[in-house]
Amino acid sequence: MKINRIDHVSINVNDLSEAKAFFLDLGLEVEAEWELDGEQLDRIVGLNYVKTACVGLRMPDGQAWIELVKFYTPSDEKDIQQPFANTLGIRHICFAVEDIEAIVAKLKKKGTEIFSEIQQYEESYKLCYVRGPEGIILELAEKIR
């Protein structure tokens with residue numbers, strides 16, 4: 001038995017088109033879009049009367065996916081919770097990037113919340129945390145060569 005790779009990361013969102021646009025703007029590409037419902041999906045996710053719409057976005061290198069999911073039913077009673085970098089649980093996705101300054105400038109121009117200015121970690125990385133739509137936290141990391 002062995003684990004080969006991470007296949008995808010799933011993010012539940014209320015505004016599927018806004019989240020899709022955010023990730024497309026970062027350079028991801030739409031691989032597929034679909035809707036699902038029915039008894040089999042109910043059994044898979046452990047909920048009743050599930051109806052979803054999904055967008056599969058692949059990284060430019062094709063190695064991993066981000067799956068954006070809009071649950072039409074059932075809805076989340078708590079609505080969007082704005083987590084912080086130290087909130088318990090799965091908290092952020094890190095993208096290895098080139099030209100972090102240009103990416104952060106582009107995100108700032110679009111009104112994206114930037115946690116901090118770009119910071120250099122030792123002699124290895126330039127790092128910055130940003131908050132996308134619906135509280136999605138991304139870490140941007142540029143390896144220093």
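# Notebook: looking through a predicted chain

I began with the elements and noted 3 helices and 9 strands in the chain, where helices (H or I, at least four residues) and strands (E, at least two) are DSSP runs numbered from the N terminus. This is a predicted model, in which local features need pLDDT of at least 70 and side-chain atom pairs count only at pLDDT 80 or more, while totals for chains, interfaces and linings use all residues. Residues are numbered from 1 along each chain as its sequence is written, and side-chain values use heavy atoms, with hydrogens and water left out.

**Entry: the whole chain.** Reading from the N terminus on, I wrote the order of elements as β-α-β-α-β-β-β-α-β-β-β-β. The C-alpha atoms fill a box of roughly 50 × 40 × 30 Å, taken along the principal axes. Of the 145 residues, 32% count as buried, where buried means under 20% relative accessible area, exposed over 50%, and partly exposed in between (1.4 Å probe, protein chains only). I also looked up contacts, meaning heavy atoms within 4.5 Å: among those in the chain with a separation of 6 or more, 54% are between residues 24 or more positions apart.

**Entry: helix 1.** Which residues of helix 1 are buried? In this helix, residues 16-26, I found Leu16, Ala19, Phe22 and Phe23. They cover an arc of only 130° around the axis, so they lie on the same side of helix 1; the arc is that of the directions from the helix axis to the C-beta atoms. Their cover includes strand 1 (8-12), strand 3 (51-58), strand 4 (65-73), strand 5 (92-96), helix 3 (100-109) and strand 9 (137-143). Just after helix 1, I noted that glycine 27 has a positive phi of about 115°.

**Entry: helix 3.** Here the buried residues are Ile100, Val104 and Leu107. Because their arc around the axis is only 60°, they are on the same side of helix 3. Among the elements that cover them are helix 1, strand 6, strand 8 and strand 9. Glycine 111 follows helix 3, and its phi is positive, near 90°.

**Entry: the nonpolar core.** In soluble globular proteins, nonpolar side chains tend to be buried together. I therefore took the term nonpolar core as a set of buried Ala, Val, Leu, Ile, Met, Phe, Trp, Tyr and Cys residues joined through side-chain atoms within 4.5 Å. The largest such core has 25 residues, and those with the most contacts inside it are Ile11, Phe23, Ile66, Leu68, Phe95, Leu138 and Leu140. Two or more residues each come from helix 1, strand 3, strand 4, strand 5, helix 3, strand 8 (125-131) and strand 9, and the largest share, 4 residues, comes from helix 1. I then followed isoleucine 66, which, leaving aside its neighbours within four places in sequence, is in contact with Val9, Ile11, Phe23, Leu28, Val55, Gly56, Leu57, Ile93 and Phe95.

**Entry: glutamate 113.** This residue is in strand 6 (residues 113-114), and it counts as partly exposed because its relative accessibility is 40%. Beyond its neighbours within four places in sequence, glutamate 113 is in contact with Val130 and Arg131. Glutamate 113 and valine 130 are 17 residues apart in sequence, yet their C-alpha atoms are 5.7 Å apart in space.

**Entry: backbone angles.** Most residues other than glycine have a negative phi, and most peptide bonds are trans. Where does aspartate 99 lie? I found aspartate 99 in the loop between strand 5 and helix 3, with a positive phi of about 60° although it is not a glycine. Aspartate 99 is partly exposed, because its relative accessible area is 42%. Glutamate 134, in the loop between strand 8 and strand 9, also has a positive phi, near 60°, and is a residue other than glycine. Is glutamate 134 buried or exposed? With a relative accessible area of 18%, glutamate 134 is buried. Finally, I noted a cis peptide bond that joins threonine 73 and proline 74, with omega about -15°; proline 74 lies in the loop between strand 4 and strand 5.
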